[in-house]
Amino acid sequence: MAVTLRPAVTLATDAPRAGGSPSRDYEATGTPQARAWPTTLAPIAALILVTVAIFAGGALVLGHPLLMGDNLIQNYPLRVLVGSDLRHGHLPLWDPWIWSGTPLMAGLNAGAFYPSTLLFAVTSPNTAWVINQILVSCSVSVGTYLFMRATGTGPLASFLGAGSFAFAGAVASQSAVHIDMAEGFASLPWMLLAVREMTETRRWRCTVLLGAAVACLILAGAPEAMLDVTILTLTYGALRVSLQQSSWRRVAVRTFVGFAIGAGLSAFVSLPALHFIATSQRASVTARFASSYSFPPRALVLALVPFLEGGWSLISQPQYLGRSNLAEVGLYVGLLPVIAAIALASRRWAAWLPRGERRTWYVVGLVGLLLAMAAGTPLEHLLFHIPLYGKQRNQGRNIVDVDFASCMLLAWWLDGGTRPERVRTRAEAGAAGALVAVMVVLLAWTTISSTSLSALLGAVAPSPSQRASIDVAAGISLCLAGLAAGVVFLRSRVGRVGWLFITSAFVVFDLALFVSGTTFAASQAAPPVGAPGPLMQMVGNNLSVGGRYGVFDPDLFYPSGIIAAGEPDVGILEGLPSVEGYGAIDDGVYAQRTATHVRAYLSPGELGAGYFRPLGLQVMVAPTEEFLTPIATLPRPNETANLSPIAEGPGIDPLLPAGDYVPPEASLPAPALSEPLPTLQAGERTGWLYGTVTAPTAAVIVLSHPSDAQLVRVGLVRASGPIDWQPAQRLKIGSTEVVLRFKSLKSTGLVLKLLSGANLDSPQLTLEADGRSYVVNGPLARAMTPASWRYVGQEDNFTVFRTGYTPEQAWVQAPGTYEIAAHLKATVDILAESTDSATIAVRAPRASILVRSDAWEAGWNAEIVSGTTASRFLRASPAGKRRQLSGGSLEPVRQVGVMQGLGIPAGLSVIRFSYTAEGFSKGLAITATTLLATIASIPLAMLLARRRRRRGRVPTSLADE
């Protein structure tokens with residue numbers, strides 16, 4: 001795509017700088033001067049090389065792509081799945097691996113049809129991810145460079161401004177963990193460039209460029225990026241039109257057409273997404289939900305000292321200690337942009353820069369800042385009622401607008417416009433001095449009383465070792481501030497070329513230091529596709545056909561190990577289905593009934609009640625911390641039992657390697673403890689799993705009512721499954737703390753059987769093992785017991801459990817029944833199955849409901865043939881050669897709880913279930929129409945341009961070629 005540089009560019013970069021000049025509009029005067037190709041291409045080549053060095057170089061050094069956060073546990077696996085579908089000739093519409101099945105394309109997070117996602121269909125996942133990162137980052141950096149050049153800043157100033165925006169701040173922080181956000185940001189500079197061109201030329205290509213950028217923005221699949229980028233673009237367009245009011249009609253029409261083209265080209269994705277969102281957990285949001293992740297005002301200090309609250313690895317920094325998420329408060333684009341933003345407020349700069357440039361970027365930055373922070377203020381109640389925008393979460397990501405405005409002001413400050421060489425300004429000297437003063441105060445504060453500073457910032461007070469590293473970070477920032485002040489001081493004392501060289505060195509060093517401490521530095525390898533580790537092998541070996549697994553570690557006791565533990569989206573890489581998932585959008589009913597929208601979590605109450613059995617939940621993975629809670633000592637007879645947990649940090653407890661302490665900076669709830677087990681009646685038995693293998697040396701049962709000489713027997717559950725029953729024992733009368741007698745044996749749980757006597761009310765088990773005491777009341781203690789789950793094995797601090805039942809993929813139940821219901825005696829045979837379809841033959845004794853264990857979603861339909869037609873189909877289609885079902889009636893699949901159901905008649909029926917995203921066909925038609933209309937309009941636009949040139953209505957230099 002060629003971009004022609006106008007006279008405005010030449011004047012702002014090549015005009016003589018000696019002497020002052022009055023305020024003037026650069027775009028109204030001047031003559032273009034010839035520019036050598038190296039001058040234009042060298043900065044672009046440098047930006048591309050830097051991008052390649054970061055992503056390709058990082059992958060070569062680490063041996064794996066740069067992956068962290070949501071990129072690792074969500075975006076990468078989803079894109080691998082999209083590539084697999086496309087490679088096998090399937091449209092990526094349905095994801096059968098998470099949430100018992102969920103829309104893939106309409107779920108947006110996969111970016112299923114974003115242009116660079118298609119790489120996953122033609123090359124290896126690792127290679128595709130690295131190339132994708134390079135292309136996205138190049139789009140941001142090169143696009144920003146070209147836009148800055150179009151505004152009038154010189155090559156070097158544009159290069160440094162574009163690099164500051166692309167490789168630091170919100171762009172770097174978000175792209176490290178949210179590739180979909182980065183893909184959305186990649187459209188920003190091109191949309192701005194298109195709008196700027198509209199204000200100055202009549203080229204139809206500006207409209208097409210805008211349409212293509214908007215389409216890519218929507219296909220990226222990040223709603224926050226769509227809104228943030230659109231708001232910035234429209235704000236910029238309005239400000240540009242205010243400077244050239246005669247162009248408002250042309251700009252308004254072409255902007256509308258451009259957005260219409262973009263919306264039309266992406267309709268085949270956006271329409272299904274809107275249908276899915278309407279039935280998702282996001283369909284009804286509250287103001288509290290919408291205002292979550294507002295940018296906290298206190299985090300603005302991170303624009304000066306990015307590692308004041310910890311970071312990632314740099315100079316032995318501790319993990320981020322703030323209350324938010326590090327990626328959500330990243331806005332550091334260097335210290336010189338801060339100085340530039342303050343310095344350009346001086347009136348003297350109005351005479352040196354093009355008319356309106358300062359005002360434009362100050363307004364853009366202010367709008368972005370207000371929107372980023374307003375979610376946490378009373379203004380949120382007003383924003384909440386704005387269509388589309390108001391109910392969107394993560395509004396703090398508008399901070400990217402502040403970064404872009406700051407980098408634009410940096411580019412103009414470096415370029416100088418018509419500022420005379422070696423001139424001094426008090427504003428920039430004052431800004432540099434103020435910056436150094438703030439750094440001195442922060443360093444002194446962290447040294448003298450870091451606790452009070454942390455309290456003021458709303459962060460967690462650091463430990464002594466953490467405080468030392470934060471002091472070092474503050475000291476480094478002070479040194480950088482001193483160097484930045486030196487850069488400002490030298491501007492009036494050295495030549496322009498020498499000063500720009502010094503400034504470039506400082507900007508590169510400043511950004512390199514920041515990037516080395518971002519989340520890119522904490523990259524983690526994803527499990528290789530089709531090569532599961534020991535833990536995932538254990539999970540896969542215990543799943544039968546139709547079985548699914550779940551992971552329970554919502555408090556992230558093992559934030560790195562949980563990846564190897566098969567966090568559900570990561571299980572996509574191994575083709576292992578799960579009842580859970582991780583993503584921005586899932587079915588609203590499914591999320592409410594199962595509570596699986598939270599990371600590595602499902603409802604323990606529903607788990608214990610058997611709700612997940614119809615969904616085929618067969619294997620559970622969880623750490624021991626989810627079963628055992630450490631206590632000071634075992635309860636003693638005739639004393640009130642103290643079951644209050646004690647805080648144990650990592651590395652203290654032999655059975656709980658991670659302890660039971662959730663650090664406050666993790667922003668996670670404390671583990672929810674289970675209630676005691678239900679009342680035990682004579683002849684019944686109950687039990688507890690430890691969540692590990694151990695040899696308890698003592699155990700005490702705590703009762704809610706005194707015992708009455710009941711006769712009980714204790715059994716220890718061996719890892720292999722059998723129960724070692726101990727001799728019967730009679731309980732002491734009147735005691736609520738019952739000491740159990742048994743041999744110390746390696747076991748995975750304890751079973752208590754009431755042989756005779758009165759009921760045992762609400763028993764709780766406490767035990768002693770490896771010299772420490774525990775109560776078995778973790779979140780899973782009541783939901784998973786030896787009666788329904790057995791120990792399989794342990795790996796990487798996680799334990800694998802398996803149920804005793806065999807899952808069913810489909811069954812028949814009586815009409816009018818829902819969710820958990822008795823099955824009717826019927827023959828059900830799965831004839832064929834793919835990612836988004838299944839053919840089933842069923843012989844029912846009477847009219848009934850055929851239920852599939854897959855999650856229901858609008859878009860599932862079923863074609864059914866019955867009686868003799870079904871018999872002919874089976875005779876004509878032997879196993880292994882099934883043909884398409886035809887001639888039957890097409891009916892929408894009904895919702896049975898959270899599963900798929902279909903009414904069937906008595907006798908033999910053959911049903912083909914298939915999924916097509918709602919709105920996909922209509923969206924595809926809109927996309928095709930838009931594409932054809934856009935292509936067809938090109939000759940017309942060229943013809944009109946020629947007529948304008950002939951009639952002399954526009955200068956030749958502005959006409960389309």
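1. A salt bridge is counted here when a side-chain nitrogen of Lys or Arg lies within 4 Å of a carboxyl oxygen of Asp or Glu. The model under discussion is predicted, and it holds 15 salt bridges. One of them joins the side chains of Arg397 and Glu224, with 3.5 Å from N to O. This pair links distant parts of the chain: Arg397 belongs to the loop between α16 (380-383) and α17 (399-415), whereas Glu224 belongs to helix α10 (residues 223-243), 173 residues apart. Both Arg397 and Glu224 are buried.

2. A further salt bridge is formed by the side chains of Arg772 and Glu648, at 2.9 Å from N to O. Here too distant parts of the chain are linked, since Arg772 sits in strand β14 (residues 772-775) and Glu648 in the loop between β5 (629-631) and β6 (685-694), 124 residues apart. Are the two partners buried or exposed? Arg772 has a relative accessible area of 26% and is therefore partly exposed. Glu648, at 3% relative accessibility, counts as buried, because buried means under 20%.

3. Asp854 and Arg852 also form a salt bridge, their closest N and O atoms being 3.3 Å apart. Asp854 counts as buried at 11% relative accessibility, and Arg852 counts as buried at 3%. Elsewhere, salt bridges that share partners unite Arg196, Glu200, Arg240 and Glu357 in one network.

4. Eight of its ten residues are buried, so β6 is largely enclosed by the rest of the structure. It pairs with strand β12 (residues 747-756) in the antiparallel sense, over six bridges. Within this pairing, Gly687 has Val751 of β12 as its bridge partner.

5. The second largest pocket contains about 680 Å³ of space. Of the 37 residues that line this pocket, Thr785, Pro786, Ala787, Ser788 and Trp789 are the closest to its centre. At least two lining residues come from each of α24 (604-608), β6, β12, β15 (789-795) and β16 (798-803). How many residues of each class does the lining hold? There are 19 nonpolar, twelve polar and six charged residues.

6. The aromatic pairs number 19. In one of them, the rings of Tyr76 and Trp129 have centres 5.7 Å apart and planes at 80 degrees, so the pair is edge-to-face. Tyr76 lies in helix α3 (residues 69-87) and Trp129 in helix α4 (residues 125-151), so this contact ties together parts that are 53 residues apart in sequence. Tyr76 and Trp129 are both buried.

7. Phe165 and Phe404 make up another edge-to-face pair, with 4.9 Å from centre to centre and 90 degrees between the planes. The pair links distant parts of the chain, as Phe165 lies in helix α5 (residues 155-166) and Phe404 in helix α17, 239 residues apart. Phe165 counts as buried at 1% relative accessibility, and Phe404 is buried with a relative accessible area of 0%. Phe165 and Phe404 also belong to one aromatic cluster, together with Phe147, Tyr236 and Trp361.

Conventions:
Residues numbered from 1 in each chain as written. Predicted model: local features only at pLDDT ≥ 70, side-chain atom pairs only at ≥ 80, totals over all residues. Heavy atoms only, no water. Helix = DSSP H or I, 4+ residues; strand = E, 2+ residues; numbered from the N terminus. Buried < 20%, exposed > 50% of the residue type's maximum accessible area, 1.4 Å probe, protein only. Pairing = 2+ DSSP bridges. 1 Å grid on protein atoms, 1.4 Å probe; cavity = no way out; pocket = protein on both sides within 12 Å on 5 of 7 lines; lining within 4 Å. Points joined across faces, edges and corners; volume = space filled by probe spheres on them. Nonpolar A, V, L, I, M, F, W, Y, C, P; charged D, E, K, R; others polar. Phe/Tyr/Trp six-rings, centres within 6.5 Å; stacked < 30°, edge-to-face > 60°.
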